[in-house]
Amino acid sequence: MLSLTLSGNCSLLPRPNNRRCALFFARTKRTTLVTSALTRETVAISQDAMADSRSLSFPILVNGVTGKMGKAVAEAAVSAGLQLVPVSFSSLDKPARTLEISNIEISVHGPSEREEILSSVTEKYPDVVLVDYTVPNAVNANAELYCKFGVPFVMGTTGGDRPLLYKTVQDSNVYSVISPQMGKQVVAFLAAMEIMAEQFPGAFSGYKLEVMESHQATKLDTSGTAKAVIACFQKLGAIFDMNEIEMIRDPKEQIKMVGVPEEYLSGHAYHVYNLTSPDETVSFEFQHNVGGRSIYAEGSIDAAIFLHKKVQSKAEKKIYDMIDVLREGNMR
Amino acid sequence: MISLLQQHSIVASRHAQAYTRPEKPCMYRTRRRGAVARAVVTENIEKSSKIIGSSTAPFPILVNGCTGKMGRSVAESIISSGLTLVPVSFSGKEKPGGNITIGDVDVTIHGSKERETVLSSVINQFPDVMVVDYMVPDAVNANAELYCKLGLPFVMGTTGGDRELLYKTVKSSDVYAVISPQMGKQVVAFLAAMDIMAKQFPGAFSGYHLEVLESHQASKLDASGTAKSVVSSFQKLGVSYDMRRIRKIRDTTKQLQMVGVPEEYLGSHAFHFYCLTSPDDSVSFEFQHNVCGHKMYAEGTVDAAIFLYKKVQQKANKRLYDMIDVLREGNMR
């Protein structure tokens with residue numbers, strides 16, 4: 001198990017800014033590069049040791065290591081002690097590349113070689129689980145390929161023709177986890193809100209809702225997650241118009257007002273929801289703030305470990321989502 | 001309307017922003033409007049709640065403990081929701097305590113010795129009367145026995161006493177009752193949601209780091225039971241945490257400056273903050289529930305009373321209820 005005291009240890013470091021005397025949470029300023037490198041190393045070692053001792057290791061192939069998400073998942077797989085298959089695919093015809101991920105050399109193959117390579121991978125690694133982070137346009141063709149070879153897969157790529165995706169998988173009897181939201185803990189939070197809304201409709205009648213969300217400047221549309229949470233609050237009786245969502249896309253505001261660390265400006269998802277009673281004597285606030293990709297990478301690994309379990313136990317059910325992964329409990 | 005609380009709220013920045021004093025906007029907060037605007041809002045709310053109240057059949061409620069802060073608050077909520085406040089109450093003292101005025105109702109306070117006679121005659125005059133109890137822990141069991149003896153449906157808002165005996169008394173009598181130590185309906189909803197999340201998704205937050213802070217009036221010596229309840233849900237979610245780490249803020253200066261409690265509520269508030277951070281610090285979840293004064297509990301109590309009245313009218317099979325039942329029923333008004 002990942003050491004739970006890491007964050008606690010970090011809070012003992014002297015905080016760089018003395019003006020923050022009124023800060024009431026003894027929460028860590030983000031650790032310096034050195035410290036975080038140290039902790040990552042410690043984490044990797046402890047996780048490797050644990051993985052060895054529990055032999056939870058199985059082969060995992062990441063389709064799309066050339067992309068940012070794919071790379072993050074591959075690194076997370078190695079940290080988790082899984083066996084990263086040194087092969088991946090690209091949409092370019094002649095990629096002729098090798099990529100190094102966590103000291104492993106991955107050879108990247110073009111579309112014309114996909115079938116041949118995948119076939120030999122399944123021969124060499126019969127219990128391989130595949131994780132897909134490619135592009136929307138490739139979703140359906142890739143799913144067909146995996147189903148053709150009976151490879152269990154985690155579909156992290158969003159978009160494509162979703163009904164067709166489910167149909168392809170259902171017809172083939174292949175095991176898969178399909179989830180557009182791989183941030184496991186965000187899914188848990190959203191599910192909790194949905195359950196609350198369903199069980200206690202109108203509990204917050206008359207309460208006023210305020211919502212603010214911040215994402216990287218390139219994200220033009222409003223957060224889908226925010227809309228889903230708002231729908232729950234509306235069911236709970238809160239007063240809100242979807243147009244009232246405050247979207248922050250200006251990097252300066254994101255740094256100063258929202259508090260997004262600079263390194264995450266290009267990839268973050270911060271949300272805050274505030275409910276206030278009609279007479280203003282009561283307020284509730286919920287925040288979920290994600291920086292970078294780590295949560296999605298870790299969630300994908302959890303999904304892969306979950307799927308491997310299901311395949312090994314020859315479970316009846318074949319198609320799963322993140323709620324199933326959550327219900328199974330702690331993966332590691 | 002911008003919340004009065006928001007402009008005082010804490011900068012819970014996990015990236016250690018400079019503390020911003022209440023006048024300046026903190027993370028996600030907007031400026032506070034003037035006192036005039038607030039007064040207008042309060043007036044509008046009172047008007048609208050009267051309109052809402054008229055859709056509920058105005059059944060009579062007797063508040064046992066009108067002289068106490070909670071009892072008085074509930075009595076006021078009863079009136080503003082359009083229900084009928086029975087102009088009679090009891091004091092803890094043996095001799096009668098005269099009269100008090102709540103809203104435009106003149107309430108006669110009787111001594112505890114006269115409870116049975118007075119209650120019997122109230123039932124004669126108002127056959128569908130219900131009691132809301134906000135007395136003292138020591139009186140809980142004796143009062144419950146009396147209500148059961150007279151077949152009076154009641155909402156038990158008073159905490160403490162012998163709870164096992166209380167439930168036993170009610171169960172063996174067939175009387176309708178709502179018993180809940182926490183009358184803040186929305187807080188109960190939040191607690192239930194955390195509990196459901198923990199039961200459905202055990203270990204989902206494994207490895208996450210938790211920080212908890214709570215602030216109550218200085219006279220509250222013990223740690224918040226609500227906070228402990230939420231922490232125990234987080235523990236099921238895989239978070240490692242020792243209850244003794246809950247930070248209790250009882251110093252009024254800190255409450256004003258750090259926590260952001262409005263001055264008028266220093267003597268009566270319940271602010272809670274929970275922050276979950278991922279092992280690598282890249283993800284954080286934060287939950288807050290901040291209550292000022294008694295209004296929330298009063299409103300929750302009225303909801304419980306309306307709920308109970310419905311059950312009595314329907315001659316429901318089930319007799320004993322809690323706040324979760326009230327929540328499941330949906331919006332009362």
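**Cysteines, then the pocket**

Modeller: Searching the whole structure turns up zero disulfides over all chains, a disulfide being a pair of cysteine sulfur atoms within 2.5 Å. This is a predicted model, where local features need pLDDT of at least 70 and side-chain atom pairs count only at pLDDT 80 or more, while totals for chains, interfaces and linings use all residues. Side-chain values use heavy atoms, without hydrogens and water. A:C232 is buried at a relative accessible area of 5%, and B:C275 is buried at 0% (buried is under 20% relative accessible area, with a 1.4 Å probe and protein chains only).

Now the second largest pocket: its volume is about 970 Å³, the space filled by probe spheres set on the grid points. A pocket here is an open set of points on a 1 Å grid where a 1.4 Å probe fits, with protein on both sides within 12 Å along at least five of seven lines; lining residues have an atom within 4 Å of a point. The lining has 39 residues, and B:M70, B:T159, B:P181, B:H294 and B:Y297 lie nearest the centre. Two or more residues each come from α2 (69-80), α7 (225-236), β11 (269-277) and β12 (283-292) of chain B; these are DSSP runs, helices (H or I) of at least four residues and strands (E) of at least two. By class, 13 lining residues are nonpolar, 23 polar and three charged, with Asp, Glu, Lys and Arg counted as charged and Gly among the polar ones. Domain 1 (4-19 + 185-294) and domain 2 (36-183 + 296-327) of chain B both contribute to the lining, so the pocket lies between them.

Methods: Residues numbered from 1 in each chain as written. Chains lettered and ligands numbered in written order. Domains from an automatic or database assignment. Buried < 20%, exposed > 50% of the residue type's maximum accessible area, 1.4 Å probe, protein only.
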